[in-house]
Amino acid sequence: MPILPRQPSDMPDTKNKLGHTIRSRGARTRRAILDALRQLLDHRHLGEIRPADVAQAANVSAPTFYTYFKTVEEAVLMLCEESAEDFQRLATHIHADWSGDRGFEAVRAYVLDVLSLWDEHGPVLRVEHMLADQGEPDFAETRIKRLRRLHLALERRIAQARANGLHPVGLNAKLASYETANLVESVAAGFTLMRRADTAEAIVDTTAHIVLKLTTGR
């Protein structure tokens with residue numbers, strides 16, 4: 001899927017590293033740097049990317065990169081924050097009507113949406129996961145923020161099912177919400193490899209059935 005560059009207006013006005021307000025021209029330059037980095041992450045590991053590489057890909061000078069970002073990781077963090085905005089819509093699938101067969105259809109739509117988001121943001125999200133797992137606090141925080149609304153929606157569903165006797169009393173709804181969301185993210189991250197085992201439709205349907213069972217107990 002081709003990556004459509006975000007418009008400079010998508011990003012709030014802030015100060016650059018020189019303390020100057022970033023206006024329209026500066027926003028376009030910063031956007032070019034971020035888009036170039038996003039493309040580099042498609043085929044290179046984070047540790048292989050230098051600020052000079054990003055500057056060259058963005059057709060700006062190396063000093064210009066440092067006008068907006070101290071490090072490549074700082075630029076990646078902004079890309080993570082942007083991706084988090086798109087993830088906020090996932091909770092709508094969990095809040096939908098799950099009565100009868102609608103539950104499976106809502107969960108299936110949720111799984112497909114996660115796959116779509118990972119198709120778009122996967123290289124950035126893999127860096128987020130890696131650095132968060134390494135204990136980098138900024139990346140851990142953006143990962144938490146990215147999924148917080150989804151976690152809360154899943155937690156409510158799981159807690160209600162437990163209250164109705166569909167889950168064991170000892171099941172922790174908050175932890176279960178984390179593990180359920182992580183399951184779908186893992187499927188999305190490893191989707192290409194999983195395709196060796198079966199069709200895309202089978203993977204989506206199986207994941208949806210698992211999530212529905214984990215969430216509702218049905």
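## A tour of the helices and their cores

The model is a predicted one.

Switch to a cartoon view. The protein has ten helices and zero strands, so the pattern along the sequence reads α-α-α-α-α-α-α-α-α-α. Colour by burial next: of the 218 residues, 44% are buried. To see how the chain folds back on itself, display contacts between residues at least 6 apart in sequence; 65% of these join residues at least 24 apart.

Now go to the largest nonpolar core, which has 29 residues. Which elements give two or more residues to this core? Select α5 (91-95), α6 (102-133), α7 (137-163), α8 (173-189) and α10 (200-216). Of these, α6 supplies the largest share, ten residues.

Within this core, pick out Tyr110, Val111 and Leu150, the residues with the most contacts inside it. Stay on Tyr110 and show its neighbours. Leaving aside residues up to four places away in sequence, Tyr110 touches Leu90, His93, Ile94, Leu150, Leu154, Ala181, Val184 and Val211. One of these neighbours, Leu150, is also among the residues with the most contacts inside the core.

Finally, move to the other core. How many residues does the second, separate core have? It has 26, including Leu41, Ala55, Val76 and Leu77. Select those four to find the place, then show both cores together: the largest with 29 residues and the separate one with 26.

Conventions. Residues are numbered from 1 along each chain as its sequence is written. This is a predicted model: local features need pLDDT of at least 70, side-chain atom pairs count only at pLDDT 80 or more; totals for chains, interfaces and linings use all residues. Side-chain values use heavy atoms; hydrogens and water are left out. A nonpolar core is a set of buried Ala, Val, Leu, Ile, Met, Phe, Trp, Tyr and Cys residues joined through side-chain atoms within 4.5 Å. Buried means under 20% relative accessible area, exposed over 50%, partly exposed in between (1.4 Å probe, protein chains only). Helices (H or I, at least four residues) and strands (E, at least two) are DSSP runs, numbered from the N terminus. Contact means heavy atoms within 4.5 Å.
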